[in-house]
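Thanks for coming. Please have a look at the chains on the screen, and then I will go through how they meet.

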2 protein chains.
Amino acid sequence: MGDSAEMIFSGDELLRGDTTNTNQLYLGERLLDLGIFTTRALSVTDDLETMVAVVRDSLARRPVVLVLSGGLGPTEDDLTREAVAEALGRPLEHHDELLEQIRARFASRGFVMGDSNRKQALIPRGSSAIPPTGTAPGFYVQHDRTLLVALPGVAWELRQMWEETVEPLLKVRRARQAIESVSNAQVVRRIRTFGIGESALAEILADLDWHDPEATIGTRAHLDGVTVILRGPASTEAKRKLDSVQQQVLAALGDRVYGDNGEELPEIAGRLLRAAGLTVAVAESCTGGLLGKKFTDVAGSSDYFLGGVTAYDDRVKTQVLDVPADVLAEKGAVSEEVAAAMAEGVTRLLGTDCALSTTGVAGPAGGTEAKPVGLVYIGSVVKGVTLVEQIRLPGQRDQVRERAAYAALDLLRRRLRREVPAG
Amino acid sequence: MGDSAEMIFSGDELLRGDTTNTNQLYLGERLLDLGIFTTRALSVTDDLETMVAVVRDSLARRPVVLVLSGGLGPTEDDLTREAVAEALGRPLEHHDELLEQIRARFASRGFVMGDSNRKQALIPRGSSAIPPTGTAPGFYVQHDRTLLVALPGVAWELRQMWEETVEPLLKVRRARQAIESVSNAQVVRRIRTFGIGESALAEILADLDWHDPEATIGTRAHLDGVTVILRGPASTEAKRKLDSVQQQVLAALGDRVYGDNGEELPEIAGRLLRAAGLTVAVAESCTGGLLGKKFTDVAGSSDYFLGGVTAYDDRVKTQVLDVPADVLAEKGAVSEEVAAAMAEGVTRLLGTDCALSTTGVAGPAGGTEAKPVGLVYIGSVVKGVTLVEQIRLPGQRDQVRERAAYAALDLLRRRLRREVPAG
């Protein structure tokens with residue numbers, strides 16, 4: 001095991017079922033990408049004596065990083081500054097320039113800083129302030145082997161400080177350390193796929209060595225597909241091995257792979273549309289608006305996404321989307337023919353180059369032997385050519401709907417890659 | 001402070017950013033409803049020595065409950081049984097009937113139990129087995145003041161064991177304890193509101209005593225509104241006090257209150273529509289399909305939700321929804337007039353009794369001084385009468401969109417309550 005990290009989260013909301021700890025998830029992944037394994041993550045009540053004890057306890061195990069999150073606000077319950085000062089045996093010191101930064105943050109929003117915020121300008125002697133991204137500043141301090149970092153509990157404030165201040169700091173230390181000793185740094189590659197389950201994927205990659213210490217292979221299933229995770233040491237030779245394994249995985253999985261740089265399906269579909277100068281519309285039944293929502297999650301999507309029709313009721317399918325009533329009656333709403341007619345109908349109605357449609361049985365009710373829960377048809381039109389895919393999706397109502405929306409985005413992605421010359 | 005609980009989660013996936021710890025959220029809320037406050041929740045790597053140490057450490061603090069989750073599978077990494085046995089100084093004992101239950105679980109799915117599963121029939125001497133809900137059994141054991149409970153890490157297996165075995169056990173103990181001593185059991189009431197911020201709410205309720213030990217008042221902000229939380233002892237007299245405070249809160253907040261039984265806004269809007277025999281459609285701009293998605297999150301929503309039009313591009317607003325081009329040009333897409341025309345247009349197009357529309361600036365770009373990010377107009381039609389509300393929503397793109405969708409549902413809820421006689 002290489003370098004390790006610990007995390008301490010203060011705040012009763014994490015212990016009373018009020019909030020999921022997404023900061024733990026985020027920090028765990030970011031640290032791992034730096035080759036640092038988190039060995040402990042503790043959520044604890046706001047109480048000075050307890051906080052002092054758990055900070056001391058953690059420092060005694062000498063992790064390379066100790067991240068504290070929460071307890072940096074202006075109220076009496078915000079005890080992280082005091083707890084760290086006491087645990088390190090250093091006094092709190094007032095920083096004028098920090099107070100000015102806090103004051104400026106308030107002023108920029110048209111507010112006047114209150115007196116209670118003055119305590120936020122206190123940090124333990126010898127530590128460095130991290131300017132507020134929201135209103136609470138953070139700080140960091142080196143103690144023996146450990147870089148102790150105190151960040152706010154608000155997720156976006158924590159992330160911005162992590163990426164702008166803490167991560168660069170850790171990278172510099174790692175670079176310095178690499179000269180002094182053998183580096184434990186790890187490289188992680190994430191290959192994102194859609195449309196293939198974990199076990200099918202394992203069979204396709206069965207000839208590869210999943211436990212090679214220079215390039216371990218793992219998988220992780222999400223609603224937007226299975227990610228193949230390759231890990232290995234950061235040394236030059238090992239990286240060459242990792243590159244080679246990555247090439248083998250990519251070759252074996254072909255167009256099931258949609259990305260390897262963190263880009264999500266809605267962004268990828270949008271990027272391809274924009275590059276080709278094409279517009280898109282959606283005609284949704286079982287997804288009920290979710291597919292349009294995913295397109296418009298991306299800022300700037302109005303460049304290519306014109307809109308859509310949610311045809312939950314069959315009358316909307318016939319009257320607004322011009323799905324022929326006899327086809328609907330004969331084949332049923334959940335059918336290849338209706339999916340095709342919906343996509344074609346919305347293309348005509350909105351005058352777009354492309355369209356996607358969804359019709360399926362999301363459950364829990366409505367399934368039959370011929371058309372069970374999870375059966376979904378995805379219709380697509382790309383420059384006048386219609387193509388429908390039938391899929392069977394596992395899971396409950398929410399999951400079927402999420403997966404159906406991603407399946408539609410992925411069908412568009414594959415078609416644009418194949419059929420549209422790169423713009 | 002009354003009784004306290006601690007939790008220990010084993011599993012590297014929680015520390016590597018692979019999985020959010022939803023078990024912590026779930027257990028924290030369930031325990032609190034029993035009047036038990038969780039004071040610590042630790043995620044820790046799978047390592048025998050560490051596990052033994054943290055279990056001992058926790059027991060030394062004498063919580064009434066210590067919940068362990070994870071590490072009960074058949075692999076070498078599954079160490080919870082061994083760790084608890086060693087921490088308590090008791091040997092592991094094989095239980096034949098438990099092995100039979102595991103074998104039966106496998107058989108019921110058409111599998112044969114493997115040899116590795118034999119170790120799952122081992123539990124520490126003096127403990128009681130909890131039969132597997134999936135394939136891993138759990139167990140519980142009383143140690144001094146602490147009920148130690150070991151549950152699987154898989155969320156649904158944990159929940160089923162918690163609700164069927166652990167919670168009844170804790171209730172029995174609580175009842176027994178209530179005879180011996182003063183009960184610490186708490187009653188919690190959650191009053192859900194929309195359209196009013198935490199600080200405005202605090203002002204409205206300023207005359208009430210927020211710190212009365214018989215009825216403390218707290219608030220919690222979510223995207224679908226602020227919840228007022230009342231807590232007090234479960235005794236009869238205290239409950240009377242809580243009832244009285246609850247009535248005062250309800251009277252002060254009026255129609256901002258939408259529920260107190262866990263029902264969500266999409267369900268409430270749907271229930272009111274169904275009761276009145278009315279149908280609804282949506283016309284979405286800034287929410288891009290999210291409002292329709294929220295309606296259709298509810299199974300059976302096809303009874304009243306017919307569909308919608310997402311008019312992201314202005315041409316869709318004029319050509320499909322018949323928003324007058326001159327109004328659009330003069331007032332702009334984000335305006336009271338366009339919101340009204342969108343709602344009216346979709347009512348005509350889909351032939352519904354009611355409609356909702358959204359048009360606003362979700363950000364991050366597109367804001368101006370006159371129309372800043374967060375400005376949203378919600379249009380509504382209820383039985384031929386149009387009403388538009390202008391709102392200013394805080395937050396980033398995702399949050400503005402979520403809040404706008406909830407604001408639309410809440411506007412419909414208030415109008416149906418006021419204008420439509422109960423069905």
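The contact between the chains takes 48 residues from chain A and 48 residues from chain B, where two residues are in contact if their C-beta atoms, placed from the backbone, lie within 7 Å. This is a predicted model, in which local features need pLDDT of at least 70 and side-chain atom pairs count only at pLDDT 80 or more, while totals for chains, interfaces and linings use all residues. Residues are numbered from 1 along each chain as its sequence is written, and chains are lettered from A and ligands numbered from 1 in the order in which they are written.

On the side of chain A that touches chain B, the elements giving two or more residues are H1, E2, helix H9 (290-296), strand E14 (305-311) and helix H12 (336-350) of chain A. Helices (H or I, at least four residues) and strands (E, at least two) are DSSP runs, numbered from the N terminus.

E14(A) runs antiparallel to strand E14 (residues 305-311) of chain B, and 5 bridges join them. One bridge partner pair is A:Ala311 with B:Gly307.

Now the sheet. An open sheet of 12 strands, with mixed pairing, runs in the order E6(A)-E7(A)-E8(A)-E3(A)-E1(A)-E2(A)-E2(B)-E1(B)-E3(B)-E8(B)-E7(B)-E6(B); two strands pair if DSSP finds at least two bridges between them. Strand E6 (128-130) of chain A and strand E6 (128-130) of chain B stand at the edges, each with a single partner strand, so one side of each has no neighbour in the sheet.

Within chain A, strands E3 (residues 65-69) and E8 (residues 146-151) run parallel and are joined by 5 bridges. A:Val67 has A:Val149 in E8(A) as its bridge partner.
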